[in-house]
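Have the model open beside the text.

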Amino acid sequence: MVNEVVVRIAAERIMNKGLNPKTNQTYVIDDITNPDYRVAVEDYILMANEGV
């Protein structure tokens, strides 16, 4: 089970080219190592960009 708040924060950092707090570099999808969270973040990004 994934925490939706964590998913939203990670997805928005990726979409807005925000910083990864661990590395101080731009947050990218490859930074997410947990497969459940990675799928959830990918789904969030896809749903957020449907109107584009």
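Predicted model: local features only at pLDDT ≥ 70, side-chain atom pairs only at ≥ 80, totals over all residues.

## Starting at Met-47

At 61% relative accessibility, Met-47 counts as exposed; the bands here are buried for under 20% relative accessible area, exposed for over 50%, and partly exposed in between, with a 1.4 Å probe and protein chains only. Met-47 sits in helix H2. Helices, by the way, are DSSP runs of H or I with at least four residues, strands are runs of E with at least two, and both are numbered from the N terminus.

Residues are numbered from 1 along each chain as its sequence is written, and side-chain values use heavy atoms, with hydrogens and water left out.

## The loop between the helices

Leu-19 belongs to the loop between H1 and H2. Leaving aside residues up to four places away in sequence, Leu-19 touches Arg-13, Asn-24, Gln-25, Thr-26 and Tyr-27, where a contact means heavy atoms within 4.5 Å. Asn-20 is in the loop between H1 and H2 too. Is Asn-20 buried or exposed? Asn-20 is buried, at a relative accessible area of 7%. With the sequence neighbours up to four places away set aside, its contacts are Gln-25, Thr-26, Tyr-27 and Asp-31. Asn-20 and Ala-10, 10 residues apart in sequence, have their C-alpha atoms 8.7 Å apart in space.

Two loop residues have backbone angles worth a look. Lys-17, in the loop between H1 and H2, is not a glycine, yet has a positive phi of about 55°. Lys-17 is exposed, with a relative accessible area of 64%. Asn-24 lies in the loop between H1 and H2, and its phi is near 60°, again positive in a residue other than glycine. Asn-24 is exposed, with a relative accessible area of 58%.

## The largest pocket

Rolling a probe the size of a water molecule over the atoms shows where empty space is left. The largest pocket has a volume of about 280 Å³. On a 1 Å grid over the protein atoms alone, a pocket is an open set of points with protein on both sides within 12 Å along at least five of seven lines, whereas a cavity is a set where a 1.4 Å probe fits but cannot get out. Points are joined across faces, edges and corners, and the volume is the space filled by probe spheres set on them.

Which residues lie nearest the centre of the largest pocket? They are Ala-10, Lys-22, Tyr-27, Asp-31 and Ile-32, out of 15 lining residues, a lining residue being one with an atom within 4 Å of a point. Helix H1 (4-15) and helix H2 (35-48) each supply at least two residues of the lining, and H1 gives the most, with 4 residues. The lining divides into 8 nonpolar, 4 polar and 3 charged residues. Here Ala, Val, Leu, Ile, Met, Phe, Trp, Tyr, Cys and Pro count as nonpolar, Asp, Glu, Lys and Arg as charged, and the others, Gly among them, as polar.

## The whole chain

Stepping back, the chain has 2 helices and 0 strands. Its C-alpha atoms fill a box of roughly 30 × 25 × 15 Å along the principal axes. Of the 52 residues, 23% count as buried.
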